[in-house]
Amino acid sequence: MELSTKKKLHALSLAEKIQVLELLDESKMSQSEVARRFQVSQPQISRICKNKEKLLADWCSGTANHERKRKRESKYSGIDEALLCWYHIARAKAWDVTGPMLLHKAKELADIMGQDFVPSIGWLVRWKRRNNVGFGARQVLVPLFPPEPPPPGLPSQAQPPLSLKDFSPEDVFGCAEVPLLYRAVPGRVFACDRLQVLLCANSRGTEKRRAFVGGLEAAPRCFFGVNSEALPASYHPDLAIPWSEWLAQFDQDMGQQGRRVALLLAAGVAEEWASLPGLHHVRLLPLSASSTTPSLPGSVVWAFKAHYRHRLLSKLAAMQSGGEGAAVAEARASITVLDALHMVAAAWAKVPPQLIWSSFVQEGLAPGETPPSLDKDTETSPVPSGLAQEEFSRFVDLEDEDPGPRVCKEEEAGTEDNGRKEDGFESLPTKADALRALCTLRRWLECNGASPELFEKFYDCEVEVERLCGL
């Protein structure tokens, strides 16, 4: 068999190409002699000489990968360059730039440029290789834009205060602590039913933060066996909201998205946490000391509580008519903290973005814009059957009334029975239990004339449950 005599291609790295140029400049060696030394062809040395200026520019840029042998141009060179420019600015500001943050920014830049581009992990790896990002020790980058000198009369360390005008409406957030009697019914209110809910949303209503709930119980029995990541809302075993922990998580989330946002707070709260270390992406903007407006408009809070009360009454009515003939006291006592977390998440999701946006603008908590017009369904909160609007309004505002004694033996007994089975904890549902429950639910829907739309939602749930059972 005849052996191939074709020479194996030997590509030179950027560092070796620079050595070739130095040898040709500083010695009297010919291109052929340099080619033999580096074991490449003479035409390759000739191409290096022709690209001398470009190679030297890459070498001096400080961002090129010196060990890279070939520089293949990206199909999306404009996005490449824009992302590299943003990366330099981010590193100059000492941001902790992550892979997900780069992917998010690349997609954002592509949308701005009008290009149909979805960055992948593979594209990001190649981008980092092309631009020597993330290899070896982190480089100390010189800021591309020198900082502006402070205005006359201001100390060198002082910074002019920020205002709403410095942020887009999507990046202005408000929050409110909402006391909630989570299983109260008209005429039966107890202090031991109290939860403290922290709600936060941006002024456009397009982004709602996960609800944060503080409770009296350190480890509710209803949480037994529940994956904490599957909880519909964050739970803290204390009515006092841990602001430092919550703000740190908020800042981390915004940093991962490469955003800089403003959080409106009451003057006293903002002053208390303004010096909290580690807040790089969330700026606290205090409201006027004389202002009585909460940073999350009261109409938004009221809508959340109205949706929660409506869901609670619907749940209690279903339990009473479910064939067990449970009295109101027994039904409300069976409502657990876990049930409350699910209802909090559902009620918060029900608050429409249009209402949030309109409320922010009307309260003067968003950059000056004309409030969007609200339709009748958005403006009015649902009123359960059997209650007049005035009665329901009083029910929504139950927290303003004086609750009964803190010790509620009836409710504690109900919770114990709901969380225990005889002397031990109730056994956790198995995969077979879940599949049987699906069959029971489908049969019930079939026998009660469920709509096709409801069956479509059931099918989605069925597929997901079957997938989890197959893991």
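How many residues does helix 17 have, and how far does it reach from its first C-alpha to its last? Helix 17 (residues 431–447) has 17 residues and reaches 25 Å, close to the 24 Å expected at 1.5 Å a residue. That expected span is 1.5 Å times one less than the number of residues. Just after helix 17, Gly-449 takes a positive phi of about 65 degrees.

Welcome to this structure, a predicted model in which local features need pLDDT of at least 70 and side-chain atom pairs count only at pLDDT 80 or more, while totals for chains, interfaces and linings use all residues. Residues are numbered from 1 along each chain as its sequence is written, and side-chain values use heavy atoms, with hydrogens and water left out.

**The chain as a whole**

The chain holds 18 helices and 8 strands. Helices (H or I, at least four residues) and strands (E, at least two) are DSSP runs, numbered from the N terminus. Of the 471 residues, 39% are buried; buried means under 20% relative accessible area, exposed over 50%, and partly exposed in between (1.4 Å probe, protein chains only).

An open sheet is formed by 6 strands in the order 4-3-2-1-5-6, with mixed pairing. Its edge strands are strand 4 (234–236) and strand 6 (282–286), each pairing on one side only. Two strands pair if DSSP finds at least two bridges between them.

| Strands | Sense | Bridges | Residues opposite each other |
|---|---|---|---|
| Strand 1 and strand 2 | antiparallel | 9 bridges | Cys-175 and Cys-200 |
| Strand 2 and strand 3 | antiparallel | 3 bridges | Gln-196 and Gly-214 |

Strand 2 is largely enclosed by the rest of the structure, because 9 of its 9 residues are buried. In a regular strand the side chains alternate between the two faces of the sheet.

**Helix 10 and its neighbours**

Helix 10 (residues 298–320) has 23 residues and reaches 33 Å, close to the 33 Å expected. Its buried residues include Val-300, Phe-304, Tyr-308 and Leu-312. Among the elements that cover the buried residues of helix 10 are strand 1 (172–181), strand 2 (194–202) and helix 15 (389–396).

The axes of helix 10 and helix 13 come within 8 Å and cross at roughly 150 degrees. That makes the two helices roughly antiparallel, a term for angles over 145 degrees. Axes are lines fitted to C-alpha atoms, for helices over the stretch in contact, and angles run from 0 to 180 degrees between N-to-C directions. Ser-299, Val-300 and Ala-303 in helix 10 meet Leu-355, Ile-356 and Ser-359 in helix 13, where contact means heavy atoms within 4.5 Å.

**A loop residue**

Gln-39 lies in the loop between helix 2 (31–38) and helix 3 (42–50). Gln-39 has a positive phi of about 60 degrees although it is not a glycine. At 63% relative accessibility, Gln-39 counts as exposed.

Notes
Parallel < 35°, antiparallel > 145°, perpendicular 65-115°, else oblique.
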